[in-house]
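I set out to record how charged side chains pair in this model, and what else the search turned up. The entries below follow the order in which I looked things up.

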Amino acid sequence: MRMVAVVLGGGVGQRLGAGRPKQLITLGGTTLIERCVAAFEAAPGVDEILVVMARGYTGQVEALLADRYPKVTAVVEGGQTRPESVRVALAAIASREAGASPGDDCGVLLHDAARPLVDQRIIADCVAALREHDAAGVAVPASDTMVVTGNGVMQSMPRRETLHRCQTPQCFRLSVITRAHELAAADPGFSPTDDCGVVMRYLPGVPVHIVPGSERNIKVTYPHDLAVAEALLSSAPPA
């Protein structure tokens with residue numbers, strides 16, 4: 001099965017307050033988006049990389065990546081929302097797969113460009129999961145006690161051992177995630193922020209398996225996250 005990694009950098013990173021897409025912020029002298037692309041470039045199980053970038057920045061990213069990452073086949077412009085950007089990527093992949101043999105299906109690894117420290121173990125486990133399952137997502141067990149609230153009042157407390165925090169990549173057979181997003185797009189009352197959630201809602205018969213994540217695989221959302229990422233980068237990588 002061919003494996004296509006999609007690096008999703010369509011957002012503008014308003015919460016980081018950097019005045020430009022956070023994917024173009026540097027971490028240890030290298031932009032976040034380059035770090036993500038480099039990780040998938042180095043992964044033996046990944047055949048192709050598609051980059052989704054915010055409007056007005058595709059040319060800059062193309063120049064940034066040019067001639068350095070042979071697996072990158074395109075830098076495409078994303079949509080106004082994350083689901084729209086995912087659908088743009090899925091359509092681009094589908095157009096490339098149009099000549100595939102009937103019954104063939106490629107694997108798609110959807111990864112946020114805001115997670116620049118994804119490691120090779122996670123990527124390899126995602127590829128392995130897609131060879132056996134239709135859907136999988138990277139997640140880590142919750143260490144804090146979680147509570148469901150409403151109107152500023154605690155309402156219920158789920159058992160901590162049943163809770164995980166989702167990371168990326170989130171991984172699917174192309175046919176599965178495409179169908180799930182088709183159904184989501186037809187539902188005006190749903191605004192998903194997570195692709196595993198799209199599959200769970202619209203294709204409840206498809207189990208979404210867990211790939212163990214890492215505390216190192218953090219998401220850079222706020223300025224202090226960048227400081228944490230710098231500290232993790234300077235520390236020894238996990239064995």
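Entry 1. I began with Arg96 and found that it forms a salt bridge with Glu48, with the closest N and O atoms 3.3 Å apart. Arg96 belongs to helix H3 (residues 82-96) and Glu48 to strand S4 (residues 48-53), so this pair ties together parts that are 48 residues apart in sequence. I note that the model is a predicted one.

Entry 2. I then looked up the accessibility of both partners. Arg96 counts as partly exposed because its relative accessibility is 37%. Glu48, in contrast, counts as buried, since its relative accessibility is 6%.

Entry 3. I turned to Arg165, which forms a salt bridge with Glu215; here the closest N and O atoms are 2.7 Å apart. This pair links distant parts of the chain, 50 residues apart: Arg165 is in strand S10 (residues 164-173), while Glu215 is in the loop between strand S11 (209-212) and helix H7 (223-234). With a relative accessible area of 35%, Arg165 is partly exposed.

Entry 4. I next examined Asp187 and Arg201, whose side chains meet in a salt bridge at 3.6 Å, N to O. Asp187 sits in the loop between helix H5 (174-185) and helix H6 (195-202), and Arg201 sits in helix H6, so the pair ties together parts that are 14 residues apart in sequence. Asp187 is partly exposed, its relative accessible area being 22%. Arg201 also counts as partly exposed, at 46% relative accessibility. For the whole structure, my search gives 11 salt bridges.

Entry 5. Leaving aside neighbours within four places in sequence, Glu41 is in contact with Ile49, Tyr69, Pro70, Lys71 and Val72.

Entry 6. Lastly, I checked the surface for nonpolar side chains. Val147, Met154 and Met157 form a nonpolar patch there, with about 310 Å² of accessible area together. Of these residues I looked up Met154, which lies in strand S9 (residues 153-156). Met154 counts as exposed because its relative accessibility is 61%.

Technical notes
Residues numbered from 1 in each chain as written. Predicted model: local features only at pLDDT ≥ 70, side-chain atom pairs only at ≥ 80, totals over all residues. Heavy atoms only, no water. Patch = residues over 30% accessible without salt bridge, like charges linked within 9 Å, V, L, I, M, F, W, Y side chains within 5 Å. Areas by Shrake-Rupley, 256 points an atom, 1.4 Å probe, with all protein chains shown as cover. Salt bridge = Lys/Arg side-chain N within 4 Å of Asp/Glu carboxyl O. Helix = DSSP H or I, 4+ residues; strand = E, 2+ residues; numbered from the N terminus. Buried < 20%, exposed > 50% of the residue type's maximum accessible area, 1.4 Å probe, protein only. Contact = heavy atoms within 4.5 Å.
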